[in-house]
Amino acid sequence: MKHSLCLVAIFAWLALFCAPASGAVSGDGKTAYAANTAAEPAMAQMPDPTDESAYDDDDDYDYDDEPFGEERVTISDPLEPVNRIAHVFNDRMYFWVLKPAAVVYKAVAPEPVRISVKNLHSHLGYPARFLSCLLQTDFTGAAEETGRFVINTLWGIGGLMDPAAGENINLEKQDTDLGETLGVYGVGHGFYIVWPVFGPSSPRDSASFIDEYLLYPPFYIRPWYASTALTALEYVNSASLRIGEYESLVGAAIDPYVAMRNAYVQYRMKSVQARQARSLLFKEETAGPPEVKEAEDEN
Amino acid sequence: MRKYVLALNLLMIFMLSAIAVAGEPTTAVEASVNQVLDVLKDPKLKGEEAKSVKTEKLRVIYKGMFDEMEFSRRTLTRNWKNFTPAERREFVELFEQVLEKSYLDKILDYSDEKIVFHKESMIAKDKAEVQSKIVTSSKEIPIDYRLILKDGKWKVYDVVVENVSLVQNYRTQFNEILADGTPEQLLKILRKKVKEQ
């Protein structure tokens with residue numbers, strides 16, 4: 001009996017002791033949430049911005065040991081002066097040509113039409129994605145892509161709609177290309193290239209031109225200007241669905257060129273890692289993404 | 001009596017664990033995001049003239065949601081110690097303004113997109129990643145929040161948009177400037193940026 005009383009006492013004490021701390025945790029969400037209709041009480045909860053000691057703190061943090069540290073990744077950029085010129089050229093092209101065209105097009109074509117054009121473009125990219133899935137030994141992905149192609153051809157009005165991605169069938173598009181395929185096999189970027197018109201790339205990722213042209217059936221439409229016009233339409237169409245994205249990236253950047261380069265490398269690294277995780281050959285090795293090897297010390 | 005005590009003990013254990021669950025990182029982020037959505041959807045705050053009221057309300061929310069100090073330090077990493085306390089203070093302030101001005105319009109543009117929180121991973125005892133996505137009619141945008149536990153509160157110190165970590169992105173930019181520039185030069189660039197926006 002005494003024993004149980006003791007236990008009660010200990011628990012009561014524990015509960016009392018922990019209450020303020022853990023209360024604050026849940027309060028972070030709950031009380032602040034309740035207070036939001038009247039902003040003033042929430043204001044009182046704000047952390048004191050004049051905490052001087054934080055600014056005097058001289059600890060030599062380099063955050064190399066942080067759990068996400070393995071993602072610190074860069075790319076060598078020996079062509080920087082030329083790349084910067086191409087970057088400015090692409091920037092002007094976007095603001096002077098592509099964006100105005102996309103704005104007009106957006107006003108003329110309702111969103112469902114534009115999404116259908118996008119779906120069709122993606123539908124016709126099936127051969128390229130199928131090949132990449134096979135080469136990556138992602139046979140599930142190859143099968144899913146084939147399933148999507150059949151379903152969307154038959155029930156998606158030849159690819160204008162994407163019922164395969166709907167909730168009932170739920171076959172996601174395998175968004176991959178030959179650049180990623182090389183990445184899965186451990187090929188590094190090499191160095192950074194900004195292609196005029198086409199944008200950020202690298203020698204490795206330039207392999208994706210094969211996907212976009214040689215493996216893309218409309219590329220073979222003759223006369224040549226018909227397929228070029230089609231490509232231009234696809235460009236404008238996809239831009240019309242993404243107006244504002246490039247602007248916000250550039251608007252938030254201190255050095256837009258460096259911001260783009262880093263965003264590109266981070267994005268591609270994550271994609272390659274995701275593809276490796278699906279690959280039968282490389283599933284086990286995903287711990288060490290190939291790009292890390294070529295990372296140069298940023299500091 | 002013994003039964004009663006047992007029940008009481010069980011109740012207490014249950015209560016303690018309930019508090020722990022409520023403190024999960026996802027709850028913290030989701031609550032803040034919901035507050036933001038409430039402000040954005042508030043019918044009383046429609047139109048241009050309510051924009052400043054909205055901005056003010058949003059500022060209160062994200063101040064409680066983000067750890068701007070952690071964010072700033074992580075972008076500067078080792079360079080932090082080359083800044084004097086006064087320079088650090090100015091840096092944190094300017095950087096916050098750059099971020100606010102860049103992303104506020106984007107947030108105010110919100111029009112009924114769905115936001116789904118679908119995964120939480122504890123990376124360390126005091127670090128977690130909460131994955132969410134914004135679903136629009138034509139696309140899905142993955143947004144991951146990285147949180148750190150400080151004084152019993154989960155605060156966001158990095159946002160990963162479409163697999164691009166903002167901290168890393170700014171870190172590269174600042175490193176490039178500080179590689180052969182002084183802290184003062186970086187501050188100058190930031191001041192100019194804030195003025196232009």
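Over which residues of chain A does pLDDT stay under 50? I looked this up before anything else. The stretch is residues 5-50, and the model has 49 contacts for it beyond four places in sequence. For my own notes, pLDDT is the predictor's confidence in each residue, from 0 to 100, and two residues are in contact if their C-beta atoms, placed from the backbone, lie within 7 Å. I also found pLDDT below 50 over residues 288-299 of chain A, a stretch with 30 contacts beyond near neighbours in sequence. Chain A averages a pLDDT of 80, with 71% of its residues at 70 or above.

A reminder on ground rules: this is a predicted model, where local features need pLDDT of at least 70, side-chain atom pairs count only at pLDDT 80 or more, and totals for chains, interfaces and linings use all residues. Residues are numbered from 1 along each chain as its sequence is written, while chains are lettered from A and ligands numbered from 1 in the order in which they are written.

Next I turned to burial. Of the 299 residues of chain A, 30% are buried (20 or more other C-beta atoms within 10 Å of the residue's own, with C-beta atoms placed from the backbone).

Helix α4 (residues 68-76) and helix α6 (residues 166-179) of chain B pack at about 45 degrees, their axes 7 Å apart. I noted F71(B) and R74(B) among the α4(B) residues in this contact, and Y170(B) and F174(B) among those of α6(B).

Note on methods. Axes fitted to C-alpha atoms, helices over the stretch in contact; angles between N-to-C directions. Helix = DSSP H or I, 4+ residues; strand = E, 2+ residues; numbered from the N terminus. Buried ≥ 20, exposed ≤ 12 C-beta atoms within 10 Å, placed from the backbone.
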